Each structure stands twice: as structure tokens, then as C-alpha cells.
Amino acid sequence: MRKARLWGLLWMLFIPEIQAAAKLFEEKCTLAEGQTLNVSCPTNTNMYSKNQKAWQRVKDNKEVQTLAITEGSSQVQVGKYFLEDIPSEGILQIRMTNLQVEDSGLYQCVILVPGNPIILFHPVRLVVTKRPLGSASSFPRRVDS
């Protein structure tokens, strides 16, 4: 119990650093219309296993639009957005299907906590093109090591 509490306290100390790094770095992903984006966002298995997680779009004016939330279930689908929370592995899987040019923009995985949400890993700058990009159907892949 004491080890878990210490780990939780240490994790809380690193959250501001993770959020600052996420704001500095965007992961760019270019896909063609009709393709699927798959993203794996690492989460903390001890502290946030019960918290709601969400997939958000950050508009140019910095307004945040929440697209899908894990509402007491480990899986949720809202239109083209599919979220799967896997607390035992510390991963939030995101899938966006049938991408269109208008889906281009900045996206982020977050943990919903009172106050400001916690941004998980780097935001993804999605660029959807009209031209085919070959057979690749997903990018980026993130693995919590």
C-alpha cells in the first residue's frame, strides 16, 4: 500500500512536466480520406483506472471539443470515434474511422479530472488528404514501455 501511494505521489509530480511536454510537441500524422487513425495513449494504471478518459479536438481558437468519453464503460463508440480504456495495460486506444479532409486538426487524449483535464502523451496533428497514401491504414502507434 505504501509503495502504491509513493508511486501515486511521484506520478502527480510528473503530470505538469508531461503536460508541458505535450504542449511543446505534436505528433503529425498524414492519412488519406477513408483511412483509419489508431492511437494508443498511455495512462497510469494505479491512479486513473476509474477516471473517465476522452478524445478531444483542439480548434484553432484553442476551444476544446470533446468527441467521445468513456462513460463507466471500457468501450464507447460515438459516430466515427471508438475509445477503449484498458486499465490493466495502462492504455487508452482511440480509433477514428472513415477519415475526411475536414477531420484534419489537432487531437488529444485526456483524463477527465476536476479542474483541468490531464493530457496524455503528445497531441496528434492529423492531416487528411484527398490522394491515396498507399496501404497504411493507421498511424501513430504508441506503446507504454
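Trainee: Which strands form a hairpin with five residues between them, and which turn residue has a positive phi?
Mentor: Strand 3 and strand 4 form that hairpin, and in the turn K62 has a positive phi of about 75°. Keep in mind that this is a predicted model.

Trainee: Is K62 buried or exposed?
Mentor: K62 counts as exposed, because its relative accessibility is 66% and the cut-off for exposed is over 50%. K62 sits in the loop between strand 3 and strand 4, and its phi is positive although K62 is not a glycine.

Trainee: What stands opposite W55?
Mentor: A68, in strand 4.

Trainee: OK, zooming out. What is the strand order in the open sheet?
Mentor: The order is 1-9-8-3-4, five strands in an open sheet with mixed pairing.

Trainee: Which strands stand at the edges?
Mentor: Strand 1, residues 27-32, and strand 4 do. Each has a single partner strand, so one side of each is left without a neighbour in the sheet.

Trainee: How are neighbouring strands of this sheet turned against each other?
Mentor: By 30° on average, with direction ignored.

Trainee: And what joins strand 1 to strand 9?
Mentor: Six bridges, with the two strands running parallel; strand 9 spans residues 118-129.

Trainee: Is C29 buried or exposed?
Mentor: C29 counts as buried, because its relative accessibility is 1% and the cut-off for buried is under 20%.

Trainee: Cysteines, then. How many disulfides does a search of the whole structure find?
Mentor: One disulfide. The link joins C41 to C109, with an S to S distance of 1.8 Å.

Trainee: What is the handedness of the link between C41 and C109?
Mentor: Right-handed, with 45° about the S-S bond.

Trainee: Where do C41 and C109 lie?
Mentor: C41 lies in strand 2 (residues 37-42) and C109 in strand 8 (residues 105-111), so the pair ties together parts that are 68 residues apart in sequence.

Trainee: Are C41 and C109 buried or exposed?
Mentor: C41 is buried, and C109 is buried as well.

Trainee: New topic: Q75. Where is Q75 found?
Mentor: In strand 5, which covers residues 75-78. Q75 counts as partly exposed because its relative accessibility is 42%.

Trainee: What does Q75 touch, leaving out residues up to four places away in sequence?
Mentor: Q75 touches F82, L83 and E84. With E84 there is also a polar contact, side chain to side chain, at 3.2 Å.

Trainee: What separation do the C-alpha atoms of Q75 and I86 have?
Mentor: They are 8.9 Å apart, and the two residues are eleven places apart along the chain.

Trainee: Back to backbone angles. What is phi of N98?
Mentor: Phi of N98 is near 45°, a positive value, and N98 is a residue other than glycine.

Trainee: Where is N98 found?
Mentor: N98 is in the loop between strand 7 (91-96) and strand 8.

Trainee: What does N98 count as in terms of accessibility?
Mentor: At 45% relative accessibility, N98 counts as partly exposed. K62, at 66%, counts as exposed.

Definitions and conventions: Residues numbered from 1 in each chain as written. Predicted model: local features only at pLDDT ≥ 70, side-chain atom pairs only at ≥ 80, totals over all residues. Heavy atoms only, no water. Pairing = 2+ DSSP bridges. Helix = DSSP H or I, 4+ residues; strand = E, 2+ residues; numbered from the N terminus. Axes fitted to C-alpha atoms, helices over the stretch in contact; angles between N-to-C directions. Buried < 20%, exposed > 50% of the residue type's maximum accessible area, 1.4 Å probe, protein only. Contact = heavy atoms within 4.5 Å. Polar contact = N/O pair within 3.5 Å; in protein donor to acceptor, adjacent residues only side chain to side chain. Disulfide = S-S within 2.5 Å.
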